[in-house]
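Open your viewer, keep the selection panel handy, and let's walk through this model together.

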Amino acid sequence: MSEPALDVVERRLLRERRARREAEEIAERTTRALYDKQQELVLLEAVVLASNESSTVDEALQSAVDAVCAHTGWPVGHAYLRERSSGDLVPGTSWHIEGAHQFDAFRSTTERTTFSGGVGLPGRVLATGRAAWITDVTTDANFLRKNLGVRGAFAFPIHADGEMNAVLEFFSPSAVAPDPALLDVMAQIGRQLGRVVERIRAQEQIAHQATHDILTGLANRLLFLDRLELALARARRHGSVAALLFLDLDRFKDINDTLGHGAGDELLRSVADRLQGALRATDSVARFGGEEFTLARFGGDEFVVLCEELASENAAVRVAERVQESLRVPFLLEGAGHVITASIGIVIASGADQNAEDLLRDADIAMYRAKERGQGNWEIFDEELRKRALERVGTERALRQALDLGELRLHYQPVVSVEDGRMRSVEALVRWQHPERGLVPPAEFIPIAEESALILQIGAWTLREACEQAFRWRARFGDEAPLPVSVNVSARQLAQRELPEIVRQTLADTGLSAADLAIELTETALIEDSSVPAASLRGLKALGVKILLDDFGTGYSSLSHLQRFPIDALKIDRSFMMHLGSGEDNRAIVRAIVAMASALGLEVVAEGVETADQAAEAQSLGCDWAQGYYFARPAPPAEIEALIAPVTAALLGSP
Amino acid sequence: MKGVVFNLLEQLVVRDFGEGTWDALLDASGLEGSYTSLGSYPDEDLYKLVSAAAEALSMPADGVVSWFGRNAVPLFADRYPQLFAPHDSTRSFVLTLNDIIHPEVRKLYPGADVPEFDFDSREELLVMGYRSPRKLCSFAEGLLLGAGDHYGERLAIEQPVCMKRGDDHCVLEIGFSR
């Protein structure tokens, strides 16, 4: 075997060396790739872990910014947030900064800089929706934050729910060549963060919906109670003044009934806006002491305001007045202006052991009191109100029992001919035979009943009782019976669509002829902005029942009512009789009413005739009929019968 | 010391002084000479080769090390152009040593024991501090000069503080001119 030639050996050596070099390069590349993959995995894992543990978007972005900085070794990271209204990128609060003060100027500049699409590094990402890399910002024409110590830069977007949500940007103090592999990893991080943002948003939305009113976006009862409890604790600790305003729109139901619920909702939203405006625009005097407000909607047309850090109790009243003032400009609904007022109940947190529910109840009571005094009023809750409210609750409960126990009675007051004083018909009047208080006058319980559905039960009972009585009288006294019997119907009863049906059924059950029944109602019941009362009246009229307009001449008297509604008779309010002696004016009004009634073919009853003089006046003014103590007081059926009995007995010849 | 350093030295010695010189240096150092880039070898091997070269070439050892550093830079630039491309000056390139270049070296050669520098600017000068038990400040100097060659700059390097003169670290003051 011969020695190989030297050049052959050299060629072999060269081959070997080249093979070794290639093997080394492969090993280096593989090592490097492995290293990168491991680091990427570490980074992705860190981002996934941290972002899944985040409960806010800011937290998730912060952890991602930190993780990317740790991975790249770049000292500066920041998240720009997309503002929904403008679509621009505004500086966020998530920062990662290494180095003592090196990047202070960069940070403060960034915190003052907003980017729109296409402008600067974040704007480029916003415009393209893709990551961007700048090797050296100092030589980049489209980079704004120059000469602030950063050179290499890249940024990538986060998309959530189909739109860009944030742009994460990172900076190195040195120029750095683009690293496509790194941008690939950033894209993965962007997708991961997008999912996290979607999840957090969904959670936040659920949490928001649970604590906010969907219609107005205001706090709801749940959240408000929470804030109120905290405020009470603070007020107790610091001895500061807190107050609660309970606000209810006056006649909101009318808007809903006449314009529909769409308009009602629109009104509630506008009111919410006005209230927020009123609570924000505090003047400098009222601001003294740093007032704070929480506004909530409790459903329906009820709003509540929590006022904290008030300078004084008077400040709560000023807030209430400011709120009412804010509603003064009419609301535009369905193309027309509507004046809306609010009744406000105010309660001052005294610092004593009050709980949130008690305060709300007290504010509610004060609000009702304000409403009673008319629209657009406020009332401060005090002990007197509490006592009255408690009494009212007690009365309502007792009245409910009274109905069940049969403690209600009907008395009847004769309506007589002014000419000869003979009884023509009667008005049924409800009385409460209270086991302890004796006979309770209607003024003490009917208003309370009218605030609840109790009035419907009392009304139904009265109707049936009166019909039964009238039937017996007709049977017993024939033509001499003092009929029709008139029964008072409240606004609430009249607002029931089924009222004509209830009356028809009652007549059928008792056997009374419709002609022997009259319904008395007040004008107030007619002016409800609803078509229901008019329909009820027509239904009653169709049955053959007479319709009497009570308390005529007071309040909302309008001639149009007499034309629009099928009315048979007017009862002139007692106040005219009382003041007939005091001047010509009343006399002239009564004369005009009588003339008008006669022209329309209506009968006229003078109410509240208490003296012989008044009886004479009523006659001279042309009233056909009168009612009052001068002729007869309301009395139980037996006493009424005694008034008829002698005549009838004489006619029939019985004892 | 990573094997890649020995490979680079071999490449340069063979290029400038011929195949036989490398064999002679190995013989003189009593080394077998099988170095693979990813392997790790005793620092002592490098020192032996350097002193053998100094003797063979009648040069001071620091001169050999500096020559090695300066001539290694074009080889790096060839292999890792992306580290050089973003810069237009030696100064900005050198400032990325701690943050970019050395981390990259560690990724490529796991376990590489690269030194940490500290940097300071004094008027026009870049002041670079170097601490390493290897005391290879001349290698750093050579690399700096090589980088200067790459960016077409002339460097003036002073070393007022040096471990070889008993200081606890080295300071290189670098002036740049074109």
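The tour below goes from the chain contacts to the cores, then to one tryptophan and a sheet.

This is a predicted model, in which local features need pLDDT of at least 70, side-chain atom pairs count only at pLDDT 80 or more, and totals for chains, interfaces and linings use all residues. For your selections, residues are numbered from 1 along each chain as its sequence is written, while chains are lettered from A and ligands numbered from 1 in the order in which they are written.

**Stop 1: where the chains meet**

Colour chains A and B separately. Here 14 residues of chain A are in contact with 16 residues of chain B (contact: C-beta atoms, placed from the backbone, within 7 Å). On the chain A side you will find five nonpolar, four polar and five charged residues. In this count, Ala, Val, Leu, Ile, Met, Phe, Trp, Tyr, Cys and Pro are nonpolar, Asp, Glu, Lys and Arg are charged, and the others, Gly among them, are polar.

**Stop 2: the cores**

Next, select Ala470(A), Leu517(A), Ile572(A), Val604(A), Cys623(A) and Ala626(A), the residues with the most contacts inside the largest nonpolar core, which has 65 residues. Such a core is a set of buried Ala, Val, Leu, Ile, Met, Phe, Trp, Tyr and Cys residues joined through C-beta atoms within 7 Å; buried means 20 or more other C-beta atoms within 10 Å of a residue's own. Helix H14 of chain A (residues 454–477) supplies the largest share of this core, eight residues. Helices (H or I, at least four residues) and strands (E, at least two) are DSSP runs, numbered from the N terminus. Another core, of 54 residues, lies apart from it; Leu247(A) and Phe298(A) are among its members.

**Stop 3: Trp625(A)**

Now pick Trp625(A), in strand S21 (residues 625–626) of chain A. Why does Trp625(A) count as buried? Because 21 other C-beta atoms lie within 10 Å.

**Stop 4: a sheet in chain B**

Move to chain B and find the open sheet of four strands, ordered S1-S2-S4-S3 with antiparallel pairing (strands pair if DSSP finds at least two bridges between them). S1 (116–122) and S3 (154–161) each have a single partner strand, so one side of each is left without a neighbour in the sheet. Seven bridges join S1(B) to S2 (residues 125–131) of chain B. To see one pair, select Asp120(B) and its bridge partner in S2(B), Val127(B).

Key:
Two residues are in contact if their C-beta atoms, placed from the backbone, lie within 7 Å. A residue is buried if 20 or more other C-beta atoms lie within 10 Å of its own, exposed if 12 or fewer, and partly exposed in between; C-beta atoms are placed from the backbone.
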